[in-house]
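Visitor: I would like to learn how to read a few local features in this structure. Please start with the terms.

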Amino acid sequence: MKIKIIPLILLTVGLVFSCKKETKKESNVNSEKKEITKDSITTEKKYGDLKVLNFEELKPYLTKEDNKTHVVNFWATWCKPCVEELPAFEKIHRENKANNVEVLLVSLDFPNEIESHLIPFIKNNGLEPEVIMLDDPDQNKWINGVDKSWSGAIPATIIYNKNKRTFFERSFTYDELTQELQQFIN
Amino acid sequence: MKALKSIFVLAIVAVTVAFTTKAKDAYQIGDKVDNFTLKNIDGKMVSLNDYKDQQGVIVVFTCNHCPYSKMYEDRIIALDKKYKSKGYPVVAINPNDPAVSQGDDFDSMKERAKSKGFTFPYLFDDGQKVFPKFGATRTPHVFILKNEKKNFVLSYIGAIDDNARDASSANELYVENAVDDLLAGKSPRKTETKAIGCSIKVAK
């Protein structure tokens with residue numbers, strides 16, 4: 001029983017922490033709104049285990065040095081070609097677990113549409129790969145941080161492991177994605 | 001087997017060359033921009049050369065459907081209002097193929113411009129010949145052209161400012177800064193910036 005409580009506490013602390021961070025960023029927008037989000041963990045709970053990170057916090061996910069091949073897809077619910085290619089990413093996620101492949105979906109949805117668009121989308125589509133939301137307004141800085149060749153158009157994808165890294169500013173079909181992935185897992 | 005291999009190698013070379021030339025062909029900062037002629041929402045043709053009596057032109061690739069384009073519409077109108085009188089009018093171009101980008105057809109462009117009260121031409125890149133020459137990849141994507149002795153020279157590529165979601169929270173007004181610098185006879189303090197946007201939709 002005790003063991004079960006610990007992660008719960010950690011989760012709560014984590015939620016409060018991330019909640020504070022979010023309000024910090026919007027500090028000069030609306031102080032009234034700030035009070036509401038700060039106090040109510042209930043609002044945060046609706047996010048489930050969705051992480052909302054700035055670029056510095058996201059960076060470790062783009063530079064893991066483990067034995068896995070990571071497929072990181074930048075998308076948003078408002079981006080039609082992104083939504084169209086999601087099934088391909090889900091499929092390679094399902095099919096390549098044994099190959100040590102991990103898919104991460106980095107959402108660039110708008111923070112005020114998390115509850116109205118992003119969360120329902122994740123639920124309705126039963127998205128299996130982990131979804132992290134990137135909320136960092138200084139795009140001119142972090143787009144180059146993702147890849148110098150990226151213009152900022154989405155969808156965009158990084159495939160990387162310890163030995164190799166490729167960035168793609170394009171859409172993928174399942175076959176195209178599998179083909180690129182083969183170069184990493186062989 | 002050997003033949004197969006060489007075909008494979010050739011294919012790779014061909015693809016690489018195709019991609020490299022494509023990137024090289026797009027205008028770089030300092031390049032002279034060719035004239036283009038596109039249809040405006042009022043049915044009349046508009047050419048870059050029509051602006052030869054201006055200091056320059058703020059070319060904005062934008063569209064109807066993209067949420068980032070929508071977020072910037074009011075700011076694009078404000079740019080035109082502020083800089084048209086100073087000799088840097090806005091020319092907006094929709095680069096999307098309406099067959100693959102719902103809501104970006106010519107009639108919808110007319111409606112959008114009317115409802116938002118666009119003060120500038122909103123041209124349709126019919127056949128998608130113009131945007132690749134600029135190397136535009138997303139909407140909105142801004143290209144500032146400076147008129148140098150009747151030649152339009154590319155002087156800035158990138159975003160409008162550094163905060164798409166909230167104009168009042170923007171710290172750097174990239175386009176305004178660049179045009180102000182050009183009007184002062186200087187090079188723009190920043191010539192290239194980046195922002196998230198919708199990919200330009202091309203027929204499959």
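Guide: Helices (H or I, at least four residues) and strands (E, at least two) are DSSP runs, numbered from the N terminus. This is a predicted model, in which local features need pLDDT of at least 70, side-chain atom pairs count only at pLDDT 80 or more, and totals for chains, interfaces and linings use all residues. Residues are numbered from 1 along each chain as its sequence is written, and chains are lettered from A in the order in which they are written.

Visitor: Where is N100(A) found?

Guide: N100(A) sits in the loop between α5 (80-95) and β3 (101-107) of chain A. Its phi is positive, about 65 degrees, although N100(A) is not a glycine.

Visitor: Which residue of chain B has a positive phi although it is not a glycine?

Guide: K150(B), with a phi of about 70 degrees. K150(B) lies in the loop between β7 and β8 (151-158) of chain B.

Visitor: And the cis peptide bonds?

Guide: One joins I154(A) and P155(A), with omega about 10 degrees. P155(A) lies in the loop between β5 (153-154) and β6 (156-160) of chain A. Another runs from T139(B) to P140(B), with omega near -10 degrees. P140(B) belongs to the loop between β6 (138-139) and β7 (141-148) of chain B.

Terms used
Side-chain values use heavy atoms; hydrogens and water are left out.
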